[in-house]
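This report describes the architecture of a two-chain structure.

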Amino acid sequence: MENTAVDLSAIERVEAARTAHITGAAKPAKVVAKGVDVYYGAKHALMGVNVDIPDRGVMAFIGPSGCGKSTFLRCINRMNDTISSCRVTGNITIDGQDIYDPALDVVQLRARVGMVFQKPNPFPKSIYDNVAYGPRIHGLAANKAELDEIVQKSLEKAALWGEVKDRLADSGTGLSGGQQQRLCIARAIAVSPDVILMDEPCSALDPIATAKVETLIDELRSNYCIIIVTHSMQQAARVSQRTAFFHLGTLVEEGATQTIFTNPVDQRTQDYITGRFG
Amino acid sequence: MNEHIVKSYEEELKLLDRRIAQMGGCAEKLLIQALGALERRDPKLAESAVASDATIDQLERELQDQVITMIAKRQPMANDLRHIMTVLKIAGDLERIGDLSKNIAKRALAIAGESHPKPLMTGMRHMTEMVQSQLKDVLDSLAERDIDKALRVWRSDQEVDAMYNSLFRELLTYMMEDPRNIGLCTHFLFGAKNIERIGDHTTNIAENVHYLVLGVPITDDRPKGDKTASTLMSTPQS
């Protein structure tokens, strides 16, 4: 009886450590948002969002269309600056640094925070140039050999190298949809970002290409802070460790993915993920 | 609770509830048949109990097929996922309850010619009635999603265990009194053990109802009453 009790506590400890790893609960926050509000002209699109996004993990944003999840994603690399009617208030920091600080160089910020879009959008250039473009303009390579290395490493990390290594001079737009999306991910990785934002990266892909991108996300998460917006609940459940649910411009619930999809706290979350929204 | 946007999903969940309710009804009926067969040493009733068990097995297979199709088709989440998974587990418990009841009925055939000591049958009857009412309550708690009712069933299992302990001792006494009772008493002992096991499956169902409704397991320590594993009848020293 005594032995059983000891064994159980050991199992519980291991289990707690394992769960903490999976849920990312023990990890320090990479991106911290406090009281973020977004207005498009008179429209109040996002209200008082507070969230800590851990490093080296995947956080998924889910919610119905128009709920504000993409708007919030675009705040993290200040993509919303490009919309003239858009106004952002509140505070967002990456590694403690305020990204809305007027002294901050937005171009540098966007190099640190890469983005992958819904539709693969390779430049109408060669595969090589697609990946080399970022490192070139940011001056990350001193010579051709270094640039070659960055291109190869990025394509390898994006699980595309094997498929394109013999045709680097071919146009990026000639690849299949899934390959184009992985090329876009390689392009994002090439400038060594800290954070990668993905806005529905698989919605234009077939199931096999989706599986490849999901595998890639799973591999990248050991080195990057990844934030993904997705309309597929199953995808959010598969790829993320933490999930945030947005509805009507507010962040309703944020927590370990496992909890959100088996036993969410808020009724609105429950209704949305089970397909009950009226 | 709001209804699903997809109507057919809603209907499938309702069908699942009807199926588990039907299975539960069959299991309740079977337990009553089994006790009747034992009490009256009625081979006809025993045979119909065996047939009822085949029905329960068939219902479980159908329910299982539906669950597998639903998981593939709907990819259920949150309360739907818990609903579907717990119903599947409860179906497993009901199937076991059916088997155990059938086994009691079969023993009725084996001891058909022997005379029953009346007090023994009273004990068996009392214990079975207790388990019957728990089974009924737990099935109600499932249908009504009533966790208080489920918790009451879960806590009352120790009374069944206590009954089983006392019946166990009584049977040992009969066997020591007259070795000719050993055959009959052994069948009774297995019968009583089966009823005690049915009580355990009933508490499993109560735990699943709790998880289905709240999404967390029951955390209390359940008082355990079965001490027969460590019971020995001391033989009189001469």
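## Composition of the chains

The coordinates come from a predicted model. Chain A contains 11 helices and 10 strands, whereas chain B has six helices and zero strands. Along chain B, from the N terminus on, the order of elements is α-α-α-α-α-α. The C-alpha atoms of chain B occupy a box of roughly 75 × 40 × 25 Å along the principal axes.

Of the 278 residues in chain A, 42% count as buried; of the 238 residues in chain B, the buried share is 37%. In chain A, 70% of the contacts between residues at least 6 apart in sequence join residues at least 24 apart. For chain B, residues 24 or more positions apart account for 81% of the contacts with a separation of 6 or more.

## The six-stranded sheet of chain A

One open sheet of chain A is built from six strands in the order S6-S7-S8-S3-S9-S10, with mixed pairing. Its edges are formed by strand S6 (113-116) and strand S10 (250-256) of chain A, each of which pairs on one side only. From one strand to the next, the twist averages 20 degrees.

Both senses of pairing can be illustrated from this sheet. Strand S7 (residues 195-199) and strand S8 (residues 225-229) of chain A are parallel and share five bridges; within this pair, A:Val195 lies opposite A:Cys225 of S8(A). Helix H7 (residues 177-189) of chain A packs on the sheet, where it touches S6 and S7 of chain A. The direction of H7(A) makes about 170 degrees with that of S6(A).

Strand S9 (residues 242-247) of chain A, in contrast, pairs with S10(A) in the antiparallel sense over six bridges. A:Arg242 stands opposite A:Ala256 in S10(A). S9(A) and S10(A) form a hairpin with two residues between them, and A:Leu248 in the turn has a positive phi of about 50 degrees.

## The four-stranded sheet of chain A

Another open sheet of chain A has four strands in the order S2-S1-S4-S5, with antiparallel pairing. Strand S2 (43-54) and strand S5 (97-98) of chain A are at the edges and have a single partner strand each, so one side of each lacks a neighbour in the sheet. Strand S1 (residues 29-40) of chain A runs antiparallel to S2(A), and eight bridges join the two. One of the paired positions is A:Ala33, whose bridge partner in S2(A) is A:Val51.

Helix H2 (residues 69-76) of chain A packs on this sheet and touches S1, S2 and strand S4 (86-94) of chain A. Its direction makes about 120 degrees with that of S1(A). Eight of the eight residues of H2(A) are buried, so this helix is largely enclosed by the rest of the structure. The buried residues of H2(A) include A:Lys69 and A:Arg74, as well as A:Phe72, A:Leu73 and A:Ile76. After H2(A) comes A:Arg78, which has a positive phi near 60 degrees.

The strand pairs described above compare as follows.

| Strand pair | Sense | Bridges |
|---|---|---|
| S7(A) and S8(A) | parallel | five bridges |
| S9(A) and S10(A) | antiparallel | six bridges |
| S1(A) and S2(A) | antiparallel | eight bridges |

## Packing of H4 on H7

H7(A) also packs with helix H4 (residues 127-137) of chain A, at an angle of about 30 degrees and with the axes 7 Å apart. Since angles under 35 degrees count as roughly parallel, H4(A) and H7(A) are therefore roughly parallel to each other. The crossing of H4(A) past H7(A) is right-handed.

On the H4(A) side, the contact is made by A:Ile127, A:Asn130, A:Val131, A:Tyr133 and A:Gly134. H7(A) contributes A:Leu183, A:Ala186 and A:Arg187. By class, the residues of this contact are five nonpolar, two polar and one charged.

## The contact between the chains

The contact takes 14 residues from chain A and 14 residues from chain B. On the side of chain B that touches chain A, the largest share, five residues, comes from helix H3 (residues 78-110) of chain B. That side of chain B comprises six nonpolar, five polar and three charged residues.

Notes. Residues are numbered from 1 along each chain as its sequence is written. Chains are lettered from A and ligands numbered from 1 in the order in which they are written. This is a predicted model: local features need pLDDT of at least 70, side-chain atom pairs count only at pLDDT 80 or more; totals for chains, interfaces and linings use all residues. Two strands pair if DSSP finds at least two bridges between them. Axes are lines fitted to C-alpha atoms, for helices over the stretch in contact, and angles run from 0 to 180 degrees between N-to-C directions. Two residues are in contact if their C-beta atoms, placed from the backbone, lie within 7 Å. A residue is buried if 20 or more other C-beta atoms lie within 10 Å of its own, exposed if 12 or fewer, and partly exposed in between; C-beta atoms are placed from the backbone. Ala, Val, Leu, Ile, Met, Phe, Trp, Tyr, Cys and Pro count as nonpolar, Asp, Glu, Lys and Arg as charged, and the others, Gly among them, as polar. Angles under 35 degrees count as roughly parallel, over 145 as roughly antiparallel, 65 to 115 as roughly perpendicular and the rest as oblique. A crossing is left-handed if the near helix is turned anticlockwise from the far one by less than a right angle, and right-handed if clockwise.
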